[in-house]
Structures are given as structure tokens and as C-alpha cells.
Amino acid sequence: MAKRGPTYTCQACGAVYHRWQGKCDACGTWSSLSEEAQAAPVPGGGRASGGRARGRIFALESLKGETQDAPRIVSGIGELDRVTGGGFVPGSVLLIGGDPGIGKSTLLMQACAAMALTGRRVVYVSGEESTSQVRLRAQRMGLAEAAVDLAAETNVEDIIATLGQGERPALVVIDSIQTMWSGEVESAPGTVTQVRGSAQALIRYAKTSGACLILVGHVTKDGQIAGPRVVEHMVDAVLSFEGEGAHAFRILRGQKNRFGATDEIGVFEMTGLGLAEVGNPSALFLAGRDQSAPGAAVLAGMEGTRPVLVEIQALVSPTALGTPRRAVVGWDTSRLAMVLAVLETHGGLKLGQHDVYLNVAGGLRVGEPAADLAVAAALVSSLTGAVLPAGAVYFGEIALSGAIRPVSVAAARLREAAKLGFGSAVLPAGGADTGDGGGLGLKRLGHVGELVAEIAATAPRARSGQRAPQADR
Ligand code: TYD
Ligand code: MG
């Protein structure tokens, strides 16, 4: 049984200690422990003395039996419904995380308004902004007519009592969970214990009432949903809203979804009138690209079930530093290190004296290994100064042996490339599911050495003293 008295809770991961210490043993964060009056009751865990001694007996059920498919409430915003897996599920709880100012409140207000217009009751509770601020934003987006019930409240008990009045809402938005506090939890608002306690109470409300609940969660510098990692385990779905400050594109991505796939993305563009859906992301990501400069390759990628074309930019430049720099935006740093090592070992390139910068254009984050080949092509192009053919797309996974391995759904990637006017594709030698190839000229490569030789052959002579590299296979 837990000891009474003050406890110290890690604000990053929620681990509880009885003594203060400088570093959390559970997650390794420094100075993250703060004193809280008492540990929160563990859901389903043992109670302190004084609780019920005997449990209630309930009936067990079998896996067989009547269960309908989860009915869905469609929000009317196509890109949002795509990510949730076809609409909101009644009684489910969704957590949306994202950097401040990325557009979470905007997106949710638009979803609320769209649902209110279909005649359902929708409640939007803001813990951060006053009702007049929320109203002003809705007016700017031309949504003032929608019958959304608005409140600026932070006490969970008050909110739940109010929601119990009148018609049961179909959708409740809590903006943000970090601002909520429950009178039953003895801890300051914003602490892990408060967030967990408030979330628990709200989730219980959603499960018993059948309303769909959306919680907004703040995100820390390193992209984690702040404080309550625990909340991520309590909810049915976690979505993250991403984007680069300088770009107007916003990407909604599923991280966890009990009712659908997690690899779908929704693409939006921030405009003066709120978020607009982007039906054809490839055209957007490729807009304004400079086709005459070396170091750029177009990846025919997949985001969920949707093919997305995006430009990969690389800059390889001689370094003045002892340890060359490797900086990446939109891709995995360790994956870049791997591709560089493979190019050195199996492609015969010398990159040890070069800084390497890699950027995925348009603010997209690419996670799939199929990007390896496009990254390698961009790197070789930048190093050698050879401009890649403007009408070519690249996809394929690179193995540590230097082999180029097939990736899934090649046919869909090629069709998308053909649709956007590309004429050729560089792809792995193995793998057969290219369909009709979308009418593209296909160049199949089996090894990075072939890629390096191919690109180096078109390189201008003696650029910045670098000899065009040879494949040493
Ligand atoms: P907001 O939804 O308040 O972000 P969050 O809730 O994630 O913190 O969005 C704020 C930003 O969006 C702000 O910088 C202004 C911009 N914005 C527009 O560009 N157009 C609009 O129509 C709206 C409502 C906001
Ligand atoms: Mg907000």
C-alpha cells in the first residue's frame, strides 16, 4: 500500500517518488519532479483502508455475441474524417496534440461548427480563451451562425454537471486538458496528477453518456504531448497536428487509433478564413521547386493509403570543422547516418570532410524507408553537382549491404507520379507490383553503386576539386 504524505511526481512521465531527487529514474528527465499532496488513486488498483471490502459480482461475457460496427459521426471535414478512420465514434475520447499556434483550436472550432450545422448538439469548452475571443475567431471564419454551445470553464465537476443538463451533446471539445482541474484532486492545475484526474473524470463522462470527447493537449519542445503521457494510454485515439511555422501547410496525423488505421494523414492549409482542406497534397508539396539545381530528388512516397510526392533537398558542402555537421529537417537523423555510411562503404563516396544538410520540402515529415533512395539520389546529386532529371521520381529502401530493396504499393506511387506529369521513375530492381507502371519509363536499380555511377556520369567535370566518384563494386 502506498505511503501517505507528500509525494513527488515527474511532470514528464508521471512516475511517483516518496523522496525528491534531481533526476527521474523512469524517464531520465532532470528537475522534473514536483511535490504533490498525494498520489492519485490508481485506476482499478487497490484502495487504501476504508474502501469497500467486497467487490460487486458481475457477469462475464464471451467473445462471440452481438456487436455492431462502431457507428460514426461524420464531421463533414473530409481530411479530419480520413484520419479518425471515417468519423468520430460515440463514447470515444480523442486527444489532439500540437505546438502552440499550429491551429488546433481553429480546426476544432471548424469541426464543431460543421457538426452543429447537421443539427447535433456540440459543446466547446475553452480553458484558455474567453468566450468573446472564441466568438471573434468563429466570426472571422464565417462560422458565427453555427449553433455551438460555448463556455470558458476550467473546473471539471462544473463542466460535467453542465453537460448533464438538456440534450446529450454529440461532441464535446475540451481546449485544453492542461487547463482543467478537479476539486477531488489535491494538486495545482497543470500538474500531472491534476491532468490525469481531470482526464479520468471527463473520460468517464464520455463513456457513460456516449458523447464523443475531444481533448486538446499541449506539446513539449521535443514533440511529446506534455505532462500526461498517461493520458495517451487512457484515450481511444491520439492525433497530432504538425506543421512548420513558416509554411501554411498543416498535417494531421494519427499516432494511435482504436477504431482505425494510424498511417493516414490529413493535409490542411492555413488561410485567412481558417483551415482549408488540401485534396491534392503532392501538387502543393512540389509547388515552386527549382528543377535546375543539384541536390533535389522527388520522392514518390505513401502516407497511409494515399500516395504523396515530395521533394527531398540535400546540401553536401566541404566542412571547416573537425566533426562535420549533419542536420535533418523532416526525416530521421539516424536513417541519414545509415544512408551516408552505405554510400561511403558501397558507393565509394567520400563524405567524411563534408557537412550534410537534408530537408523535406513543404514541412512534411517522412517516416517510410522508401525515402532512402530519394535521399541517396539527392545526396549524390549535391556532392557531384549533377542535376537529376526533372521528370524523375525515386523510391526504394536501401539495405546496409547497399542493396536497393522493393517497397510496397509501387503501382500507386507510379500512378500518382504519372498524374502529376512525371515521365520516369527510379525504383528497386526486385518487386513486381508496378502494374502498368503508369506509363512511366522505369529505371530499376539493384545496388547503390549503380545509382552513384548513373548520377556521377552526368556530373560536370572537376567541381570544387571533387573527382566524380566511382562505384567500387
Ligand atoms: P490556433 O487555432 O489558436 O492554434 P492553437 O489552438 O493550436 O494554439 O491558431 C492560431 C494561429 O492560426 C494564429 O497564429 C493565427 C492563425 N490563423 C490564421 O492564419 N487564420 C485564421 O483564420 C485563424 C482562425 C487563425
Ligand atoms: Mg488553442
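I count two strands as paired if DSSP finds at least two bridges between them, and I take helices (H or I, at least four residues) and strands (E, at least two) as DSSP runs, numbered from the N terminus. This is a predicted model, in which local features need pLDDT of at least 70 and side-chain atom pairs count only at pLDDT 80 or more, while totals for chains, interfaces and linings use all residues. Residues are numbered from 1 along each chain as its sequence is written, chains are lettered from A and ligands numbered from 1 in the order in which they are written, and side-chain values use heavy atoms, leaving out hydrogens and water.

Entry 1, the sheet. I looked up I174 and found it opposite L215 in β8; strands β7 (residues 171-175) and β8 (residues 212-218) pair in the parallel sense over four bridges. Nine strands make up an open sheet of mixed pairing, ordered β6-β5-β7-β8-β4-β9-β10-β11-β12, and its edge strands, β6 (148-151) and β12 (274-277), each pair on one side only.

I then looked up α4 (residues 156-163) and α5, which pack at an angle of about 10° with axes 10 Å apart, the axes being lines fitted to C-alpha atoms, for helices over the stretch in contact, and angles running from 0 to 180 degrees between N-to-C directions. Because angles under 35 degrees count as roughly parallel, α4 is roughly parallel to α5. In the contact (heavy atoms within 4.5 Å), V156, I160 and L163 of α4 meet S198, A201, L202 and Y205 of α5.

Terms used. Angles under 35 degrees count as roughly parallel, over 145 as roughly antiparallel, 65 to 115 as roughly perpendicular and the rest as oblique.
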